[in-house]
Amino acid sequence: MPLFSMAILLLIVLGCVFAPLLANHDPTDFYLSDLNRPPGQEFRFGTDSLGRDLYSMMWYGGRVSILVGLLGASIIAAIGIPYGCISGVAGERVDFILMRFAELCGSIPSILFVLVLSAAFGDGSVVSISIIIGITGWFGLARIVRGEVRQIRDSEFILYARACHASFPYVMIHHLVPNLVSAIMFVLVSSISSCMIMESTLSFLGLGLPVTTISWGSMLSLANKALLLDTWWVVIFPGLFLVTTLLCITNIAYHFRKEGNRKASNL
Amino acid sequence: GCGSKEAANDQGKADMSNTLVYAGESESTINPLLNNHEELPDIIFSGLMKYDANGKPIPDLAESYDYDEAANTYTFHLRHDVKWHDGKDFTADDVVYTYKELTEDKTLASSITSNYEDITSVTAPDPYTVVIALKQYDAAMLDYFTMGILPKHLLEGKDVNTDAFNQHPIGTGRYKFVSWDTAGGMITLERNADYYDKVPNIERIVYKTVSNETTKAAMLQSGEADLAWLNSKYAAKFRDNKSYKTWDFKTADYRGAAMDMNSDFWKKNADSIGVLNLALDKKAIIDGVLEGQGIVAYSPIQRNPLGTNPEADIYSYDLDRFAQEMEKLGWKKGSDGIYERNGQKFHFRIQTRDYEEERVDIANLMSSMLKKAGVDMEVVLVTKFDWKAGYDGFLAGYATQFDPDMIYSQFVTNASGNTMHYSNPEVDQALREGRHTKDVDARKKIYGEFEKIYSQHPGILLTAYLDGNYVGIAGIDGLDTTRVLGHHSVGVMWNIENWTIKR
Amino acid sequence: MDFRMSDTYTVHAVRNVSFSIHEGEIFGLVGESGSGKSTIARLFSGIYKPTKGNVYYEGVVVNGEHAQAVQQARMRKEVQIVFQDSTAALNPRMTVLEILEEPLRIQHLRSSEQDCRQKAEEVLEKVGLRASYLEKHPSELSGGQCQRVAIARTLMMRPRLIIADEPIASMDVSLQAQIVNLFRELQREQGFSMLFIAHDLGVIRYLSDTVGVMLDGKLVEIAPKEKLFREPLHPYTQSLLSAMHIPDPIVERQKTMYRYDRGQVLGTHMELHDGDHYVLCG
Amino acid sequence: MKQAVLELKDYAVSFFTPEGEVEAVRGVDLSVARGEILCLVGESGCGKSVLCKSLLKLLPSRPPHNATIKQGRVLLEGMDITHYTEKQMRALRGRDVSMIFQDPMLTLNPTIPVGKQIIEAILKHSDMSRAAARERAIEMLELVGIPDPEQRLKLQPHFFSGGMRQRCVIAIALAMRPKLLLADEPTTALDVTVETQILDLLRELRDKTGVSIVFVSHDLGAVARIADRVAVMYAGKIVEIGTAEDIYYRPQHPYTWGLLSALPVFANPEEELYTIPGIPPSLLNPPPGDAFAERNAYALAIDYEKMPPMMRVSDTHYAATWLLDPRAPKVKPPVRLAERSRSWRQKE
Amino acid sequence: MIRNHWFWHGVLRRCFFFLLVMFVLSIVLFFLARMAPGDPLQSFYGDALEMMSQAEQDAARERLGLDKGMFAQYAYWLLNSLQGDFGISFKYKMPVADVVFPLLGNTLLLGSLAYILVFAFAILLAVFCTLHEEDWLDKTICKVGTAAYYIPAFWLGVVLVLIFSIHLGWLPSSGAYDIGKSEDILNRIQHLILPLVVMIASHLWYYAYMIRNKLLDEVRRDYVLLAKSKGLTRREVVWKHCLRNVAPTIVNIMAISIPHVTGGTIVVEAVFNYPGIGNLAVESAKYHDYNLLMVTTLITGALVFLGSFVAQMINEQIDPRMREAGVIRW
Ligand SMILES: Nc1ncnc2c1ncn2[C@@H]1O[C@H](COP(=O)(O)OP(=O)(O)OP(=O)(O)O)[C@@H](O)[C@H]1O
Ligand SMILES: Nc1ncnc2c1ncn2[C@@H]1O[C@H](COP(=O)(O)OP(=O)(O)OP(=O)(O)O)[C@@H](O)[C@H]1O
Ligand SMILES: [Mg+2]
Ligand SMILES: [Mg+2]
């Protein structure tokens with residue numbers, strides 16, 4: 001059991017959930033008399049060049065980032081997996097068309113998609129931005145799922161289900177997905193990270209969440225400025241939280257993917 | 001682009017000792033008509049007039065000029081010794097062509113055309129004389145004649161907006177365009193040895209197109225650039241370093257939240273813009289964002305010699321007064337701490353361009369301060385302003401470094417630069433008067449009056465004037481900080497012919 | 001039945017095959033590897049659709065345009081398949097209970113949790129496994145046990161026809177014997193018909209009533225077991241029988257296999273030899 | 001007796017897994033003479049494959065499957081190779097000892113032309129030129145009876161039928177003229193006619209090249225065709241060993257009886273097939289006495305306590321059962337088996 | 001001969017599909033771009049748009065070809081593009097081709113080098129991990145690799161600039177080459193090092209890990225035993241046998257990764273101020289520079305589709321099994 005990862009993740013998640021209790025400053029406030037303070041008693045992680053308290057921002061920012069990451073990744077999974085499964089089991093022609101379609105979507109710059117979509121759901125809320133990120137990010141997953149499905153689709157346990165006249169959704173949910181999970185776990189988990197980073201990029205481009213919404217991603221983009229100003233804490237903390245959280249999620253996910261009893265290597 | 005190959009070979013041999021590498025903004029065209037606040041058009045092209053150290057127009061391509069008050073005509077006597085960089089002679093036809101283009105081409109993608117509205121005709125009685133007739137006297141007209149002149153022989157009959165000339169400019173200025181290497185992100189200029197006036201000391205300028213402020217600072221630090229305009233925070237880093245020099249220019253460049261008077265919100269609530277000033281601790285913003293490199297702004301022509309009327313400074317940071325005034329205006333705080341009036345929250349959205357860090361920071365700080373006072377100013381980052389997307393305003397930056405009439409186009413009802421749809425008959429009146437008055441003292445009074453009137457009903461929540469911090473390697477000399485610079489601290493190269501560089 | 005392999009060429013896996021399996025009969029199918037036995041099994045169980053010809057279930061067409069939905073649905077319920085590699089035929093992510101429930105679940109016949117469990121226990125007992133296996137995963141079971149689970153799964157549906165595609169090929173002798181016994185017992189008890197595919201002629205001879213011999217996608221001979229083993233007519237069948245191993249070193253070493261010439265053995269049409277003995281001639 | 005190519009002395013292999021020690025091979029004594037075909041039979045999981053693979057040190061040696069030679073010695077032509085390093089083993093593999101595996105569909109690399117796979121084996125152990133190696137490969141393919149070897153050299157295994165693939169595997173194995181060939185169920189995946197061909201091929205190759213073959217199978221019919229000697233394995237031990245005639249006509253061990261009885265070939269369709277009751281013991285914690293005792297109808301009390309030693313039946317025939325002990329009650333082999341033996345001989 | 005014939009048949013068929021797909025892509029893009037909110041005139045005229053009267057704006061629209069119906073506009077665009085005229089860029093006010101092509105080389109250089117290096121290292125790393133499966137080495141690489149993969153690219157880029165250009169002064173912080181050194185390969189390489197490191201760091205593990213997992217499955221196959229029993233070393237087995245068998249997967253992954261890697265150049269170009277079309281694509285989308293957008297995106301699209309077609313063809317050559325289609329119809 002990855003107890004260590006679970007403990008850390010739990011701490012971070014609890015910290016974000018109970019952000020109002022933990023935060024000792026207003027995360028959106030600018031403490032103009034305390035610019036660029038290094039970590040200390042009052043500002044535990046220091047302040048940035050505009051006097052924002054990084055410690056409080058961290059917990060509030062985590063809420064948004066983790067939410068966007070999980071929500072975005074769920075949407076990616078919810079679209080990418082069924083799409084990949086359909087394409088994987090479909091005949092040559094349908095598969096060809098589905099894959100070309102995915103490639104088509106994948107080769108359009110996501111910025112353009114985001115522009116169009118944000119006009120459609122343009123309320124700038126966390127949920128709508130997650131949806132946008134999800135909708136524009138599933139193509140890669142779909143292709144990988146398809147590849148894996150092709151390998152197991154003629155397995156005899158699936159043939160049996162087919163012989164019993166199982167519907168496609170049944171086969172997908174009971175046979176394909178469970179046997180795919182370990183193969184695509186890494187892709188799934190890393191889509192959490194790409195969603196978080198996408199959110200920060202979008203915010204930075206002015207296409208994402210309003211500037212007043214704090215997220216780890218937007219904090220990371222502050223790092224850009226801070227580096228030249230020698231305020232290492234502004235650079236390090238958001239990165240540390242982001243990477244740690246993702247590593248913990250990865251570790252835990254790997255544990256639960258039920259790696260089927262792997263036989264010994266022949267090498 | 002083409003030509004870059006040979007140029008590259010040439011440069012490969014040339015030594016870099018007398019070359020200035022300038023880290024500038026990214027560019028798309030070099031044409032004084034199309035981009036009027038950037039450095040390069042200024043040194044490649046020259047106008048009938050140019051500015052001196054104090055921002056006063058003096059003759060340049062013209063040897064002298066006469067003004068006929070009765071007929072409202074300017075007669076320019078052109079220099080005879082001017083040649084285009086391609087060797088052709090410069091004549092009055094070029095001037096006529098340029099001003100015709102400016103006044104008659106309705107498709108010109110330029111924001112300055114309304115400055116020339118008063119011109120009724122431009123004629124060339126002989127190759128070295130140009131006569132420009134105006135509808136009426138225009139005090140700023142001499143300023144506007146500083147606009148660079150384009151070569152007729154290269155552009156006539158072509159679409160100025162899109163011609164390849166814009167990327168291969170030929171001018172009459174101090175520096176010649178050599179090559180634009182888009183793949184390398186640099187524009188190379190060489191001094192114009194045939195320049196009719198003082199030939200610059202620095203032999204070559206390499207203008208690197210950089211889209212990001214951090215990169216500019218990094219380039220300076222790693223020695224890839226010699227000179228750059230940095231924001232105050234980055235500039236501060238170089239101040240104690242012996243190998244760098246910092247020049248702090250005053251600029252007429254202000255930042256403030258300009259409201260769109262056509263928006264539903266301000267149509268109803270325009271009376272409550274001025275009072276917001278009371279809730280802004282502008283000094284704190286300057287110290288916080290600008291490292292103290294700036295001054296508190298109260299008037300749009302505050303850094304102009306004809307402006308700066310202290311009587312217009314009627315709002316100082318005072319939250320108590322703010323509360324009182326708001327009450328007078330009929331605003332009541334709602335349960336969420338935000339003022340309400342007639343069932344409407346005091347909430348408005350301003351769009352802010354994301355490419356300049358200081359703008360974003362200032363907007364954020366303003367928003368935070370207003371929020372504390374009970375006003376919800378939502379900041380939305382955009383890539384480019386979208387006037388049709390229904391925002392209630394935008395974070396404005398504008399400079400009136402030369403004639404105060406430069407604000408005419410911004411504040412006069414329906415003028416070309418009046419993107420906030422500001423309309424105040426008294427202001428219109430004052431600015432018109434200022435434009436058509438000749439006497440300097442009288443003008444100063446008029447503009448002082450304007451400042452007072454305007455401050456009662458402002459359209460812009462002014463915050464600060466920024467200083468222009470130029471940082472360069474220690475070997476650069478000759479930058480002159482007397483000049484008040486413009487928007488984005490443009491104009492630093494006004495005396496580039498006097499600069500020297502030692503490595 | 002054709003397989004399209006990209007656009008370039010087509011494999012005729014099975015051609016012009018007709019035979020019928022009667023109520024309560026065990027039909028043994030033998031033949032060369034790759035001769036199309038599995039393809040026939042899959043055609044019968046509806047996994048493949050024939051490119052030509054029809055599959056009838058109780059005299060009613062169940063494929064193609066003229067298929068009757070009701071009959072098709074009935075066939076789905078009443079025809080069950082058992083595969084060669086039992087470990088591959090059981091989803092490694094499911095428990096035995098889930099595996100056993102699966103046909104019910106797919107056919108929407110799963111009533112209550114309790115009933116299902118009980119039924120699964122009964123069925124497991126029939127194939128000689130304890131109820132404690134219900135919670136296990138296939139990877140925790142031995143090959144023989146997996147095959148028993150696969151057989152138990154077919155019994156969940158009260159099948160009328162079981163298609164067993166080399167169900168014992170990967171087992172050792174004593175396990176083979178156990179599974180063969182199990183099949184026989186169950187068949188006697190429940191009276192289902194069976195299509196039994198195997199390589200081992202010994203098993204075929206022991207278990208089946210009628211035997212079909214396949215070669216290159218064609219049935220070359222069908223006959224009641226005794227007739228076929230006594231009097232094989234088709235050269236391939238003869239060759240097959242001559243290759244049948246006898247666990248007797250002296251006999252085996254001296255025996256020579258009858259080699260047949262591929263070109264000559266395949267004919268075009270089935271002919272009745274005598275009574276119920278058909279052979280491919282022409 | 002001819003010189004032994006392979007000799008195992010009290011050979012034992014264990015897997016040290018997280019669950020505990022799996023004693024897959026538990027003290028095997030065995031020798032294979034030059035040009036001899038020794039068949040290993042026994043039910044699934046009794047350790048036949050482990051034995052073969054461990055001889056070539058092909059077992060997974062890293063956690064979590066630590067396979068180790070726990071005791072005993074392996075002599076190859078009198079040379080002790082028990083503690084050979086991986087590098088020394090590599091020199092032996094393919095040159096002195098080769099191996100064929102069960103499924104030809106799986107053991108040939110599907111993406112590499114067959115010829116290349118043979119040539120690779122040749123080049124590994126000799127400094128022949130590529131052309132010479134190619135010649136040799138063609139020769140080998142001819143030897144195993146593949147028509148048109150020159151053309152087929154370039155084809156990937158995909159284009160071969162199962163039987164041809166297994167021939168190719170044999171060609172690879174024999175390419176360097178090894179002294180010993182370990183064939184781990186090489187015919188299980190093939191149909192009877194092809195199987196017979198392969199068996200005959202192996203016998204023929206033995207005659208031509210003098211290679212010794214250890215042939216693993218659980219198909220007693222196939223074994224009967226090819227074996228010179230047969231060793232019956234149960235739960236990691238050899239329980240009976242003797243010439244083919246010894247084992248088929250005069251089996252001594254109750255397990256061998258069980259195996260032979262379970263064959264369906266001559267079973268009467270009216271009666272059930274005989275099956276050995278119970279399940280094979282776990283090798284994770286093998287019982288102390290005779291591992292077969294629990295399933296043995298003839299088990300004696302001592303079977304549960306003490307492992308029976310190899311008892312001599314004749315010069316060639318040994319069996320590990322207490323039934324052969326002089327003190328044991330005399331039991332007759334099952335009647336059915338006896339009858340069957342008789343009937344075979346009558347047929348003959 | 002026959003194989004050859006089918007090969008060319010396949011090539012032709014794919015060319016046809018390629019053209020078809022590009023056509024569809026151009027339609028999708030064309031209409032999608034015009035669905036995005038914002039006025040393209042704004043890009044062209046900037047703030048000057050405000051002062052233009054409606055009539056002037058209409059005239060401008062007409063000149064830019066924005067006045068016609070969308071279908072007419074598309075037809076017009078298509079006709080012109082087929083003749084090599086991609087229109088003018090609204091933002092740069094010059095022909096799109098002149099904007100894009102000088103920068104294309106830079107991006108292709110960066111992208112293809114990164115692409116090659118990412119996969120070269122990914123394969124090396126994957127093989128190394130496979131040979132040391134479950135060792136502490138493998139475990140450490142997995143942990144470090146995952147962590148490195150999660151570090152945001154732009155963040156890493158800035159840190160590298162800080163260390164290697166600013167503090168150590170070893171490498172330039174920006175640009176594609178120094179003044180007058182466009183032909184100097186060494187200089188170019190110097191400028192490419194940091195961008196490449198960022199590109200590699202932010203993509204490497206994703207692919208290395210996928211390949212590693214495939215290889216781990218592969219070394220469990222039986223042919224490995226046969227190969228080893230021939231006397232091959234572990235390394236030879238992995239390099240000569242396993243890798244060849246996972247090649248189709250790797251090729252597929254490589255095909256999928258084209259948009260991923262080209263997407264990566266966008267970030268890197270921004271961080272290192274590296275002149276390239278990645279930035280251009282983003283800009284054009286943000287500024288509604290339709291013509292520029294079409295070209296930049298069609299280039300990426302073409303790469304993606306070419307990549308995937310090439311991948312299929314390579315795979316069919318490597319592994320004849322790939323040519324078979326499944327037979328079970330769903
Ligand atoms: N999925 C498939 N795609 C293409 N061809 C196939 C497929 N499955 C089987 N075939 C081909 O159809 C023919 C018959 O195959 P089938 O599996 O039915 O043979 P079989 O008699 O069951 O063989 P075995 O005894 O080896 O199981 C073979 O030539 C085979 O190559
Ligand atoms: N990697 C391993 N780790 C742990 N135990 C193993 C491993 N490989 C084999 N075993 C155990 O060793 C024993 C012997 O296995 P082996 O594969 O030799 O059987 P076998 O006689 O070849 O059977 P079959 O006839 O099925 O091939 C089995 O009980 C098996 O569980
Ligand atoms: Mg089959
Ligand atoms: Mg085995």
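Helices, here, are DSSP runs of H or I with at least four residues, and strands are DSSP runs of E with at least two. The model in these exercises is predicted.

**Exercise 1. Describe the secondary structure and the overall extent of chain E.**

Solution. Next, take the extent, for which the C-alpha atoms of chain E fill a box of roughly 85 × 60 × 40 Å along the principal axes. Then turn to burial and contacts: 61% of the 330 residues of chain E count as buried, while residues 24 or more positions apart account for 74% of the contacts in chain E with a separation of 6 or more.

**Exercise 2. Find the domain that UniProt places on chain E, and describe its span.**

Solution. The UniProt record, an unreviewed entry, places the feature "domain: ABC transmembrane type-1" at residues 104-311 of chain E. In the model, that span is 81% helix and 0% strand, and its end C-alpha atoms lie 23 Å apart.

**Exercise 3. Work out how chain A meets chain E, from the area down to the residues.**

Solution. The contact itself joins 58 residues of chain A with 65 residues of chain E. For specific pairs, the interface has one salt bridge, in which the closest N and O atoms of Lys214(E) and Glu148(A) are 3.2 Å apart, and there are eight residue pairs in polar contact. Among the elements of chain A that each supply at least two residues to this side are α4 (92-107) and α11 (232-256), but the largest share, 10 residues, comes from α9(A). By type, the side of chain A that touches chain E divides into 33 nonpolar, 14 polar and 11 charged residues.

**Exercise 4. Carry out the analysis for chain B and chain E.**

Solution. The contact takes 49 residues from chain B and 41 residues from chain E, and the buried area is about 3800 Å², of which carbon and sulfur atoms give 56%. Within the area that chain B buries, Ala183(B), Thr383(B) and Lys384(B) supply 15%, more than any other three residues. Between chain B and chain E the count of salt bridges is zero, although seven residue pairs are in polar contact. The elements giving two or more residues to this side of chain B are α1 (4-13), β10 (204-209) and α6 (213-222), and its residues divide into 14 nonpolar, 25 polar and 10 charged.

Key:
Residues numbered from 1 in each chain as written. Chains lettered and ligands numbered in written order. Predicted model: local features only at pLDDT ≥ 70, side-chain atom pairs only at ≥ 80, totals over all residues. Heavy atoms only, no water. Contact = heavy atoms within 4.5 Å. Buried area = accessible area lost by both parts, 1.4 Å probe. Salt bridge = Lys/Arg side-chain N within 4 Å of Asp/Glu carboxyl O. Polar contact = N/O pair within 3.5 Å; in protein donor to acceptor, adjacent residues only side chain to side chain. Nonpolar A, V, L, I, M, F, W, Y, C, P; charged D, E, K, R; others polar. UniProt positions renumbered as here; feature names shortened; annotations may be inferred. Buried < 20%, exposed > 50% of the residue type's maximum accessible area, 1.4 Å probe, protein only.
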